[in-house]
Amino acid sequence: MEKFAIAVDFGGTNIRVAAIDTKGKIYKRIKRPALAQEGKESVKKNLLSAIEEIYQTLPKKKIKGIGLGIAGAIDLEKGIISQSPNFPGCDNYPLRDEIQVDFLKSIPILLENDANAAAVGERWKGVGKGMDNLICLTLGTGIGGGIIINGKLVHGTNGMAGELGHITVDPSGPRCNCGNYGCLEALASATAIRREAIEAAKKHPESELNQRCKGNREVITAEMVYHSALFGDPIAQKIYQVMGRYLGIGVASLINIFNPEMVIIGGGVSKAWEIFFPFLQEEVNSRAFKIPAQAAKIVPAACGDDAGLLGAAYLVFNSNT
Ligand SMILES: [Zn+2]
């Protein structure tokens, strides 16, 4: 009998839920605002109602389990959100037990970090098919990371391994959300690009970027900077070039540490690939050891927004519960 997983990608902005079969086919999907800022009761309520909407579309005996990819540090065994900047007031929140109620009482629920789930999704259905050693970076509002070695996710002692957005790439760099200075996330995320672009547009009122936002710099987004860069604005291009260099510094270290077959880069910021990639590759070539640098293919992700959902489903089908 064909089985389904209910896959959830729970970020700070949106909850996405889908029914996915064992071949990775997505049958039905929904997207709802996460309303993460409203606290844990609201998080729980929104999550349960989104899951229920998909649950109602499936015959109960065909549901293998629920895979929940969530932005934050997760205690996998206990099913607890240990710490998450995206969900204020939810530190040490026993999310799995809280949602294992009513209609979900007898269904296995598995939690995983969302970026780890995305790495698994890219390995299952995306660009990392057949690879046993890969690293996945998701460049969005923050930067998430997932490490797969010998075909398995690396979780570390507390389930917190793979926080690749928080490796220091410039000790005197800007302050990061985590409290450290010069993290990759503070220099190569959409948030970092926006911050740099607002500064640059202020200094260069004649720039295409400043014209594009009609002088209202608060509306600048990383995507807007990308469009200005494509249009030929040197100010906007420079921002993505610098971001590419910082990303390259981080990736060079990852290549030296893990000697992966592939480094996959996804998330909204990766759309600007053709602008930042040459700078990324140049830093890797000049900083990493030659043999692992040549072995590591650095490629854009293929599953887009579905990577986390697919990974969550794969984990459900391949768990022992
Ligand atoms: Zn940080």
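Which residues in α11 are buried? They are A307, G308, L309, L310, G311, A312, A313, L315, V316 and F317. Buried means under 20% relative accessible area, exposed means over 50%, and partly exposed lies in between, with a 1.4 Å probe and protein chains only.

This is a predicted model, in which local features need pLDDT of at least 70, side-chain atom pairs count only at pLDDT 80 or more, and totals for chains, interfaces and linings use all residues. Residues are numbered from 1 along each chain as its sequence is written, and side-chain values use heavy atoms, leaving out hydrogens and water.

Start with the whole chain. It has eleven helices and twelve strands. These are DSSP runs numbered from the N terminus: helices are H or I with at least four residues, strands are E with at least two. The C-alpha trace spans about 60 × 45 × 35 Å along its principal axes. The radius of gyration is 20 Å, which agrees with the value near 20 Å for a compact globule of 321 residues. That radius is taken over C-alpha atoms, and the globule rule is 2.2 Å times the number of residues to the power 0.38.

Of the 321 residues, 53% count as buried. Contact means heavy atoms within 4.5 Å. Among contacts with a separation of 6 or more, 61% come from residues 24 or more positions apart.

Now the charges. The chain has 36 positive and 33 negative side chains. Lys and Arg count as positive, Asp and Glu as negative; His and the chain ends are not counted. The centres of the two sets lie 4 Å apart, with each charge placed at NZ of Lys, CZ of Arg, CG of Asp or CD of Glu.

Next, a sheet. Five strands form an open sheet in the order β10-β9-β8-β11-β12, with mixed pairing. Its edge strands are β10 (152–153) and β12 (297–300), each pairing on one side only. Two strands pair if DSSP finds at least two bridges between them. Strand β9 (residues 143–149) runs antiparallel to β10, and two bridges join them. I148 has L153 in β10 as its bridge partner.

Return to α11. Ten of its eleven residues are buried, so the helix is mostly covered. The buried residues pack against β1 (4–10), β2 (14–21), β3 (26–33), β4 (63–70), β7 (109–113) and α3 (114–125).

S319 lies in the segment after α11 (307–317). Leaving aside neighbours within four places in sequence, S319 is in contact with K64 and L110. The C-alpha atoms of S319 and G65 are separated by 9.5 Å, although the two residues are 254 apart along the chain.
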